[in-house]
Amino acid sequence: MLDRRQFTKSLIATGTALAAGASSLNLATAQPKRGGRLRVAGHVQSAQDTLDPAKFAQSTDYARGHMLYNALTRIDGNGQAQPELAEAFEANQDVTEWVFKLRKGVTFHDGKALDANDVIYSIMRHKDPKVASASKGLVDDLVEVAADGTDGVRVKLKSPNADIPVLLGTFGFMIVKKGTTDFSTAIGTGPFRLKEFTPGVRTVATRNDNYFKPGKPYLDEIEYFGIADPVARLNALIAGDIDMMSDLRPNAIEEAKRASNVEVFSTPCPRFVQFAMMCDREPTNNLDFRLAVKNMLDRERIVQQVLNGYGVVANDHFVMPKSPVYNSSLPQRGVDLDKAKFHLKKAGMDNTSIELHVTDAVQNSIEMGLLLQRQAALAGLTINLKREPSDGYWSNIWIKRPFHAVVWNPRPTESLMATLVWKSDAKWNDTQFKDPHLDKLIDAARGTIDPGKRKQTFWDIQSIIYEQGGNAIPAFVNYIDAHSSKVKGLTPVPTGNLGGFNFADSVWLES
Amino acid sequence: MLNLIGRRALQGLLTLLLVSFLVFAGTELLPGDVAQAVLGQHATPESLQELRVQLGLDRPAALRYVSWLAGVIHLDFGVSLASQVPVRTLVMDRLGHTLILAGLSAAVAVPIAFVIGLGAATRPAGVFDRISSIAALCVSALPEFFLGTLLVLIFAVNLRWLPAIAYVTEFRSFGQMVTSLAMPVATLAAVIISQMARMIRATVVNVLSLPYVEMAVLKGVSYRRIILVHALRNAVGPIANVVALNLAYLVSGIVVVETVFVYPGLARLLVDAVSSRDFPVIQACVLIFCAVYIALMLLADIAAIIGNPRLRHQE
Amino acid sequence: MTAVKPSSAAANRRNAKRRTLSATGVFAVAILLLWVLVALFGPFLAPHNEADIVSDVNFTRPTVEYLLGTDYIGRDVFSRLIYGARTTLATGLIATLIAECLGICLGFFAAIRGGIVDSVMSRLNDALLSFPHIMMGLVVIAALGSSIPVLIATSGFVYASAVYRIARALAMDLREKEFIEAARARGEGTWWVLSREILPNTTLPLLTDFALRLSFIILFMSSLGFLGLGVQPPTADWGSMVRENMEGLGSGSLAPIIPAAAIASITVALNLLVDELSRRTGRIYGGARE
């Protein structure tokens, strides 16, 4: 996972310059230019496009949201929360209460000034069952959000949580005006105002001259639309019909690099693809079977051949090697067919067959499945790949079939990731691996501030998942995008493509 | 003839009703629903249930169908379940795009098909016949996504003459429309020319061998006149039919071309609506496609009747 | 799809040419034969298995070891082309057989029974025919999952409605003929009339329709492959091969080009064969890709 945010209890007082986060790196080399129109093609083309943050569920929504709205915080290149609509935030002693101090002088697109009521409404509406929010699972921990003085909000929690500022910087928590139920005009505080929105077709937004960051945004207009076909997307970029695109396929990287007017934009991140082996049903509930699969994966080859080198070998848990809490004592698993055969035999499953569900909805899972299939055949296990349609995969296959592919997009912190996927009662516990000891460790990690203790807790978490868990995790998969060499000011943020989809107010065009 | 048109129109309405029922039954059989599609990986049982109630999905299927049907009678196609936009707005926009693309493709393909077909028919098994029909066949025999992408690589990526995507929401000028649509039109035309041309050729060749045409030749009527006036007139029925079939394809069957060229047409909307289980949008799209098909078939019949007086007096 | 009856004079004239096969006809048959042989025996000769990942490098140029280079995940394109011939032809043929059988049976049945049965069936068929085929395919496959049997059954079912129209029209023509009426007058049953009189007299036109339909179905299946619905990996079929290797097209890899050419060769050969057969039957065949 990302470098853990250095936890600090002092008020973080900052100006707007800091809000740009890591992009200062680019600013140093060239002076941003005002003006121009940016055409961006996302990789999702969906009729479910929405302007309601509570319904944001896919990348097109995230990118659109960041054009039109702001959240209290902004997640930077290290996955840390930086001030955005909140100019500062602090927690109480036991991290059960957070106070966010709102920035003054921020106005919505219709001229109304931002105040605490807007923030309270924007967060609390996720708890309202009538809103049917996609982020509902994330707010269960929030007991109350109330005004704190004239320009602050106080967030009260059920249990200690050091990750609240980061959580409130994620896509669902963009700030809307109090009482908004019709989002068709998308009145936010964001760098751009909505000009045109057609679901499944495009979003056009024009510069918000009253944006609270001086001098920003640089662009006059952004047009965002989806090109679902990856080949068409890259061709459009090379031909100069678009300036920026998300999700470049690993196999097309060489072609993109050959084009003189195109730059590949890669974001190393803890996004991982896993083969989930569900621990509550036959036949994947057999630990020996799971260990056999974990010893079949040719991780090196998956990174080199499937990801074209744009990824990192994983060790069947979710922590990246560069993370300070990475458990370096666990031996890196590779292909060990003798071990795999041994475990298969012990499980009584040598010379049997099993279905593995893969889909285009999980990046590269088909290719990874093909590689696993070949290795499994050598160890005496027949894997029948079932390629499932993308639509309906999350409702029909995920957490339903014993052996299936899943992609996990990075969460800002390791403890958030562990809570979402590995707690016994987590809705997204897709392996249904349930271990009270692991639950205790995850809860402890979330409330622990002491770096030494945190590290030990995370080491234990990793080793349990590594030894017993239902996850065969071959690799961490970079976000790979591409843009015209005219596009400047884009900086990697490991929570998503194209700078965590938060590019609107920092990108500029070189003439 | 009016009688025939009236009867066919009535039949058409009946077919539409049948289609709407079949589509409804079909979408009911699909696993998952629009609530799951909207909330995706983030769905929780409570939020799913709430969304279902809000969208009226908790009502029995038959009731939903009947209330939808009642709306349609008042020309109200409802609201998209996935995006909450009125279906009419969504569909009309896309329909306009589809008609432009289909119209241009037809305007290019039909004349070329006639030239190839008639040219080949004047000298069956001649050089022009052989070359043109084989060439047309070869091009139409490639999968559309391959042909389309090949054109993009040549004309957009390498030569930089044309834009790689036809994606437009409004055309600012005629020239811009032509350059944007040149490649999708070429792809679609390539796909349909061959079948039309071979039909034209075969029908005309057939008519030319009829006794009365031979009589006309003997009387010294020019060959060109024979083909254009006599042969074509008698061949109009089958030709109209195959042209109509291909035009129907241009409207409804071109989701692959719309995907490759990122063209916001109706077929793509339908495919997206199927994947998000957005029933009102699916219904509206399918009804339009079905109506277009029926109307085109009717037009072909009328053309056949006008062209062939003998049919006019039947029944 | 349309079939036009020619005048008897024209048909008579053509009867003279019946026994000869034109050069294009020979060409078409040769291509088809070649692919059938490849489909039958090729896999025994293929240098690699269709599923084997033989190279660390994706999209390599042709070499002695990999005659057509490697595909997007390092498999041998030549071997997959050979295996793909079997899958593509087998799925296409079976689907076409299903479409023809279903369409012919129902079409003949409707024509012979006539009256209200015919009206109801034909209306229902019109409704099915007016659906965009690709959408029917998407819905069925989304409901039942993507597997070879589902793919075949879907394509067969989707195309049956077009066959129904042809078959019914053919049978309607014959119904009026004297020998049928005579058989009816003799008190022969529907089944007897169907199998002894109508079917033999419509064999050649239906065979022609079969060839044309097969070419449409192969293209239809490749379109489904493009939309992500096709045979399951690692099975090779030409349509999926083109799709999964499209990323190599920009760099000139043969991996997407060769299977596309293979599809084209089959389609062209089938259409040439249709032309040849039309000359013999005196019926004209055409239609639209759907």
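## Exercises on a predicted model

Let's begin with a sheet: in chain A, 7 strands form an open sheet with mixed pairing, in the order β8-β9-β10-β1-β11-β19-β12. Its edge strands are β8 (192–198) and β12 (262–267) of chain A, each pairing on one side only.

This is a predicted model: local features need pLDDT of at least 70, side-chain atom pairs count only at pLDDT 80 or more, and totals for chains, interfaces and linings use all residues. Residues are numbered from 1 along each chain as its sequence is written, chains are lettered from A and ligands numbered from 1 in the order in which they are written, and side-chain values use heavy atoms, leaving out hydrogens and water.

**Exercise 1.** Find how strands β9 and β10 of chain A pair, and over how many bridges.

*Solution.* 
- Start with the terms: strands are DSSP runs of E with at least two residues, numbered from the N terminus, and two strands pair if DSSP finds at least two bridges between them.
- Next, locate β9 at residues 202–207 and β10 at residues 221–226 of chain A.
- These two strands are antiparallel, with 5 bridges.
- For one pair of partners, look at R202(A), whose bridge partner in β10(A) is F225(A).

**Exercise 2.** Explain why strand β18 of chain A is described as largely enclosed.

*Solution.* 
- Buried means under 20% relative accessible area, with a 1.4 Å probe and protein chains only.
- In β18 (residues 471–477) of chain A, 7 of the 7 residues are buried, so the rest of the structure largely encloses this strand.
- Now look at its partners: β13 (residues 272–277) of chain A runs antiparallel to β18(A), joined by 4 bridges, and V273(A) has A475(A) as its bridge partner.

**Exercise 3.** Describe the interface between chains A and B by its contacts and buried area.

*Solution.* 
- Contact means heavy atoms within 4.5 Å; on that basis, 47 residues of chain A touch 44 residues of chain B.
- Buried area is the accessible area (1.4 Å probe) that two parts lose on being put together, summed over both.
- For chains A and B the buried area is about 3,500 Å², 59% of it on carbon and sulfur atoms.

**Exercise 4.** State how many helices and strands chain C has.

*Solution.* 
- Helices are DSSP runs of H or I with at least four residues.
- Chain C has 10 helices and 2 strands.
- Of its 290 residues, 61% count as buried.

How values were computed:
Buried < 20%, exposed > 50% of the residue type's maximum accessible area, 1.4 Å probe, protein only.
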